[in-house]
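Subject: Handover of a structure and notes on its side chains

Dear colleague,

I am passing the structure below to you, together with an account of what was found in it. Please read the notes with the structure open.

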Amino acid sequence: LISTFFGLSSDYQATLYEEFFILKQHGNWSFAEAYSLPTGLRRWFLDRLVKHFDDKKAAEEKASAGTR
């Protein structure tokens, strides 16, 4: 039988919950706050977190290279 329910696929749900976890873990957001964010804004915050950690890693690598 073909499902007539047009809900989220389990892959999409896993991705969505992973995004909520990242916002909770690194941004100190509550589940309700992350859930309530519009998709575009939630993705902006996630992209910004990635940039933050990439910049932090680059700065740490630069600092450690300077101490050698």
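Arg 43 is partly exposed, its relative accessible area being 32%; buried stands for under 20% relative accessible area, exposed for over 50%, and partly exposed for values in between, with a 1.4 Å probe and protein chains only. Please note that the model is predicted: local features need pLDDT of at least 70, side-chain atom pairs count only at pLDDT 80 or more, and totals for chains, interfaces and linings use all residues. Residues are numbered from 1 along each chain as its sequence is written, and side-chain values use heavy atoms, with hydrogens and water left out.

Salt bridges

Side chains of opposite charge can pair when their charged atoms come close. The whole structure contains 3 salt bridges, a salt bridge being a side-chain nitrogen of Lys or Arg within 4 Å of a carboxyl oxygen of Asp or Glu. Arg 43 takes part in one of them, with Glu 19 as its partner and 2.8 Å between the closest N and O atoms. This pair links distant parts of the chain, since Arg 43 is in helix 3 and Glu 19 in helix 1, 24 residues apart; helices (H or I, at least four residues) are DSSP runs, numbered from the N terminus.

Arg 42 also forms a salt bridge with Glu 19, and here the closest N and O atoms are 2.7 Å apart. Again distant parts of the chain are linked: Arg 42 belongs to helix 3 (residues 39–66) and Glu 19 to helix 1, 23 residues apart. Glu 19 is buried at a relative accessible area of 9%, and Arg 42 is buried at 3%.

Lys 51 is partly exposed at 43%, and Asp 55 is partly exposed at 41%.

Aromatic pairs

A search of the whole structure gives 6 aromatic pairs. Rings of Phe, Tyr and Trp (its six-membered ring) pair if their centres lie within 6.5 Å; planes under 30 degrees apart are stacked, over 60 edge-to-face, and the rest tilted. The pair of Tyr 17 and Phe 20 is tilted, because its ring centres are 6.2 Å apart and its planes stand at 55°. Both residues lie in helix 1 (residues 10–27), 3 residues apart, or about one helical turn. Tyr 17 is partly exposed at 47%, whereas Phe 20 is buried at 5%.

Phe 31 and Tyr 35 form a stacked pair, 5.9 Å centre to centre with 25° between the planes. They sit 4 residues apart in helix 2 (residues 31–36), about one turn of the helix. Phe 31 is partly exposed at 48%, and Tyr 35 is exposed at 55%. Ring pairs link Tyr 17, Phe 20, Phe 31 and Tyr 35 into a cluster.

With kind regards

Notes: Helices (H or I, at least four residues) and strands (E, at least two) are DSSP runs, numbered from the N terminus.
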